[in-house]
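Good morning, and thank you for the time on today's agenda. Please keep the structure open while I speak.

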Amino acid sequence: MRKFFGYILSPFHYIVFGLMLAVFQPVQWVCYNWLGYKAHKRVVDVLNGLITANYLLLGNRVTFTNRQQLPLGRPLIFVANHQSLYDIPPLIYHLRAYHAKFISKIELTKGIPSISYNLRVGGGANIDRKDPRQSIQELVKFGTRMKENRWGAIIFPEGTRSADGLVRTFQSAGVATLLKKCPEALLVPVAIQNSWKVVRYGIFPLSTFEHLIFRVLTPIDPSVSNAANAVLQAEQAIRADVGQAV
């Protein structure tokens, strides 16, 4: 039944999504070039809130739980498992108070209205996976911006999306590079469930009546250990939260 309703509801979801991207592209440009960072960020937050709300057109709902008392004046590195592109808008919207920026593939900085523009000017890191030197340099610059602006970062240490929801082994290199430039950052695990189910049949039809669950877990202070151990702790915490054996 989920697939059957997906054939009916997916076109409406995609049409609304496309209209949002088209409308917010010029709005972002005006805000960034004329009004500055704060105005641009508010627009991006609103856009991602609306994109998240658009999941409802598929009958899908999002529960985002954050019971942690996270500091607002300290850089945070949110470490999450990655299941689909449907992870991203809820993370941006619900973590907006922490100015969380993404580490993204450089290919995404072109060709996608609103999304590509935000990746180019929003302050995150856009890395070329085929060029390790460029990737490191980009992460170093991003770590410096985090330190100077007290920004947060969102990183998917698995390196790729999980098509079946199973958590892959986390890699610590990206987090370690950020911590070298921003050693005061706090590591915050975020466990994601059921996002992969939205695209279980591919990009069309999308699955319907799914419940996407996001939980912010207990922060980890890397200063008491090292980056590799902190990332391993985050992986173990996420695995335990989603019910997968460590």
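Let me begin with phenylalanine 209, which counts as partly exposed because its relative accessibility is 45%. The term has cut-offs: buried means under 20% relative accessible area, exposed over 50%, and partly exposed in between, with a 1.4 Å probe and protein chains only.

A word on the source. This is a predicted model, in which local features need pLDDT of at least 70 and side-chain atom pairs count only at pLDDT 80 or more, while totals for chains, interfaces and linings use all residues. Residues are numbered from 1 along each chain as its sequence is written, and side-chain values use heavy atoms, with hydrogens and water left out.

Phenylalanine 209 is not a glycine, yet its phi is positive, at about 60 degrees. Its place is the loop between helix 7 and strand 7. Helices (H or I, at least four residues) and strands (E, at least two) are DSSP runs, numbered from the N terminus.

That loop, between helix 7 (195-198) and strand 7 (211-216), also holds proline 205. The peptide bond leading from phenylalanine 204 to proline 205 is cis, with omega near -5 degrees. Phenylalanine 204 lies in the loop between helix 7 and strand 7 as well, and at 42% relative accessibility it counts as partly exposed.

Phenylalanine 204 also belongs to a nonpolar surface patch of about 970 Å², whose members include Met1, Phe12 and Ile203. Patches are made of residues with over 30% relative accessible area and no salt bridge; like charges are joined within 9 Å, and nonpolar side chains (Val, Leu, Ile, Met, Phe, Trp, Tyr) within 5 Å. A salt bridge is a side-chain nitrogen of Lys or Arg within 4 Å of a carboxyl oxygen of Asp or Glu. Accessible areas come from the Shrake-Rupley method with a 1.4 Å probe, and for residues only the protein chains shown count as cover.

Strand 5 pairs in the parallel sense with strand 2 (residues 76-80) over three bridges; two strands pair if DSSP finds at least two bridges between them. Isoleucine 154 is the bridge partner of phenylalanine 78. Strand 3 (residues 100-105) also runs parallel to strand 5, joined by three bridges, and here lysine 101 has alanine 153 as its bridge partner.
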